[in-house]
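Please look at the two chains slowly, first as separate folds and then as partners. The paragraphs below are meant to be read with the model open beside them.

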Amino acid sequence: MIEINATIIAQIINFLILVIILRAVAYKPVARLLQQRSDKIRQDMEKAEFDKKMAEETLEQYKLQLSDANKKAQEIVNQATITARQEHDAAVEETRREIERMKATAQAEIESERNRAFDGMKSQIVLLSLAAAGKVVAKNIDTKENDKLVNDFIAGLNKEMFADLK
Amino acid sequence: MHEIGVRETVKFLGLTFNIETLEMTWLAMGIVILVACLATRNLKAVPEGWQNFVEMVIIWLHDQIDAMMGERGRMLAPFIVGLFMFLLTSNLIGLVPLMASPTNDLNTTLGLALLVVIIVHCLGLYFKGGHYIAHFFQPTPVFVIINFIEEIAKPITLAFRLFGNILAGEILIIVLLKLMPIWMPIPSVGWLMFSIFISCVQAVIFTMLSMAYLANAVKKDGAE
């Protein structure tokens with residue numbers, strides 16, 4: 001049953017041949033594949049780490065830009081508020097000036113109307129006075145003399161005497 | 001069913017060969033190479049089918065090699081992978097009716113064990129030189145006798161352990177099949193299942209012990 005013969009040499013050679021074939025056919029490709037896979041996983045992880053870092057940096061930049069944009073927007077709003085207030089003040093001032101101007105014009109028209117009314121009234125007073133006086137002194141004074149007297153009298157009057165008519 | 005203990009021999013160039021052992025060895029080699037070819041025919045980054053099995057074996061053996069031998073061990077990885085796959089296939093072949101394990105022949109197991117021991121000593125001398133020879137005389141020169149016996153015992157124990165286990169498994173299968181009627185297959189099937197387990201365990205043991213011996217030769221001093 002136990003007999004050592006030349007088979008032992010043949011088995012050693014057989015096994016060495018098997019190892020050589022396996023090394024070429026299976027071991028090397030698989031070992032290379034395993035190496036490539038581990039390299040790829042390592043590279044992917046490094047890339048993922050790098051991408052994550054880049055994403056964080058980009059996010060940081062975006063946050064910074066957003067903050068700047070907010071600041072600028074706030075400045076624009078502030079500027080717009082100031083401009084609007086200035087325009088508002090200018091419009092109010094213009095309106096006030098317009099009102100003043102209109103008021104002055106109205107006062108001037110009032111003054112002018114009053115003067116005209118005063119002149120008219122003066123004429124009426126003269127006529128009424130003459131009519132009244134004519135009736136009173138119809139007999140001793142002629143009409144021309146009376147007109148002269150009255151006009152002189154009227155001319156002697158001044159505006160201060162009619163101040164209470166204003 | 002082959003006869004236990006009787007081996008067909010052929011004469012070639014005046015040398016005697018156990019032809020059945022050689023045939024079964026070639027069959028085992030063919031199966032191993034076929035599995036390897038099938039597994040690596042269409043390698044994908046995401047493994048499928050047989051590729052999973054071969055990758056699993058190689059990764060497991062790589063881990064063992066790294067743990068036991070250190071960085072120089074990777075050089076021996078194809079040898080270890082081949083040894084494991086060949087032994088596993090050889091051990092399991094014997095469980096198929098009308099076939100015999102190449103490892104139920106002492107010529108195979110002793111051949112492999114001697115090959116391992118020769119590689120151990122060659123690598124030991126190559127990597128460590130004088131230190132390798134000196135370690136046989138440690139701690140005192142008297143120990144050279146014990147160390148010598150140990151070195152002799154290594155291939156013998158390695159070879160006979162595998163040979164005995166596989167041969168016993170096959171003998172018992174044949175005996176059980178002859179003893180038990182065909183309608184009562186439970187003992188035979190039970191033993192067959194146990195033999196599958198033994199076949200795997202013996203392949204692992206032979207490979208692990210070979211790695212342990214090789215580790216002594218290739219591991220850097222102080223790396224232990």
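What follows moves from the overall layout to the contact between the chains, then to one helix, the core and a few single residues.

This is a predicted model, in which local features need pLDDT of at least 70 and side-chain atom pairs count only at pLDDT 80 or more, while totals for chains, interfaces and linings use all residues. Residues are numbered from 1 along each chain as its sequence is written, and chains are lettered from A and ligands numbered from 1 in the order in which they are written.

The model scores ipTM 0.84 and pTM 0.65.

A residue is called buried if 20 or more other C-beta atoms lie within 10 Å of its own, exposed if 12 or fewer do, and partly exposed in between, with the C-beta atoms placed from the backbone. Of the 224 residues of chain B, 36% count as buried, and of the 166 residues of chain A, 7% do.

Two residues are in contact if their C-beta atoms, placed from the backbone, lie within 7 Å. Within chain B, 66% of the contacts with a separation of 6 or more are made by residues 24 or more positions apart.

How many residues of chain B are in contact with chain A? There are 35 of them, and they meet 26 residues of chain A. On the chain B side, two or more residues come from each of strand 2 (15–18), helix 1 (19–40), helix 2 (50–69), helix 3 (77–93) and helix 4 (106–128) of chain B. Helix 1 of chain B gives the most to this side, with 10 residues. Sorted by class, the side of chain B that touches chain A has 23 nonpolar, 10 polar and two charged residues, where Ala, Val, Leu, Ile, Met, Phe, Trp, Tyr, Cys and Pro count as nonpolar, Asp, Glu, Lys and Arg as charged, and the others, Gly among them, as polar.

In helix 2 of chain B, the buried residues are B:Val54, B:Ile58, B:Leu61, B:Gln64, B:Ile65 and B:Met69. Seen down the axis of helix 2 of chain B, these buried residues fall within an arc of 125°, so they line one face of the helix; the arc is that of the directions from the helix axis to the C-beta atoms. On the other side of helix 2 of chain B, B:Asn52, B:Met56, B:Asp63 and B:Ala67 are exposed. The buried residues of helix 2 of chain B pack against helix 1 (7–136) of chain A, together with helix 1, helix 3 and helix 7 (186–218) of chain B. After helix 2 of chain B comes B:Gly70, whose phi is positive, near 80°.

A nonpolar core is a set of buried Ala, Val, Leu, Ile, Met, Phe, Trp, Tyr and Cys residues joined through C-beta atoms within 7 Å. In the largest one, which has 54 residues, B:Ile80, B:Phe84 and B:Leu214 touch the most other members. Helix 3 of chain B gives the most to this core, with 11 residues. Not counting residues up to four places away in sequence, B:Leu214 touches B:Met69, B:Leu76, B:Ile119, B:Val120 and B:Leu123.

Finally, consider two single residues. B:Pro47 lies in the loop between helix 1 and helix 2 of chain B, and it counts as partly exposed because it has 18 C-beta neighbours inside 10 Å. B:Lys220, in the segment after helix 7 of chain B, counts as exposed because it has 12 such neighbours inside 10 Å.

Note on methods
Helices (H or I, at least four residues) and strands (E, at least two) are DSSP runs, numbered from the N terminus.
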